[in-house]
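Dear colleague,

My findings follow directly after it.

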Amino acid sequence: MPHEAHIENIEGRRTLVVQRRPPLQPKLDQLLHAIHTVTYRDDIMPGGMSVACQLRDHRFRRFREGRHLGLDGVLRDVALHMCADCGAVKVSDVSYDRLPGLPLGGRLPARKNDLLGWYSGARRNRREYR
Ligand SMILES: [Zn+2]
């Protein structure tokens, strides 16, 4: 199986090879099912692609937040934004940038805001992770 860790001979040494998996499910509905703890939900019915969408200027609105289990086995706090017109979705990792219980060094824990992935809204029923 190509995604399992396996041993290869590399430059004459037996070496453990670990495939890096992308964290997001390939389809949006699969991603939504992988959000185990939903902390925010405000579903959007996209109205249809606009000229702004074609110019890649989407009107993103937050519609889901929660704790997501990635295909890489990592739990992340994610925030999902959907375009109110075409339904494109962007997924951001908003996990706290340090582990709970560690000393803060005088500052509050900050949330990350890393873009994890993007689902195209161009074809309503065939959103794919790119
Ligand atoms: Zn759009």
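Arg-64 lies in strand 4 (residues 60-69); strands here are DSSP runs of E with at least two residues, numbered from the N terminus. The model is a predicted one, in which local features need pLDDT of at least 70, side-chain atom pairs count only at pLDDT 80 or more, and totals for chains, interfaces and linings use all residues. Residues are numbered from 1 along each chain as its sequence is written, and side-chain values use heavy atoms, with hydrogens and water left out.

Arg-64 is buried, at 6% relative accessibility; buried means under 20% relative accessible area, exposed over 50%, and partly exposed in between (1.4 Å probe, protein chains only). Its side chain makes a polar contact of 2.5 Å with that of Asp-43, a term for a pair of N or O atoms within 3.5 Å, where within protein one must be able to donate a hydrogen and the other to accept it, and residues adjacent in sequence count only if both atoms are side-chain atoms.

Turning to the metal, the zinc ion has as protein donors Cys-53 (SG), His-58 (ND1), Cys-83 (SG) and Cys-86 (SG), at 2.1 to 2.4 Å. Donors are N, O and S atoms within 2.8 Å of the metal (3.2 Å for Na, K and Ca); water is not among the atoms, so sites may look incomplete. The zinc site is tetrahedral, with angles of 98 to 116 degrees among its four donor atoms; four donors count as tetrahedral if all angles lie between 85 and 135 degrees. Along the chain, the donors follow the spacing C-x4-H-x24-C-x2-C. Cys-53 is buried at 4% relative accessibility, and His-58 is buried with a relative accessible area of 17%.

Yours sincerely

Conventions. Tetrahedral: all angles 85-135°; square planar, octahedral: opposite > 155°, others 65-115°. Helix = DSSP H or I, 4+ residues; strand = E, 2+ residues; numbered from the N terminus.
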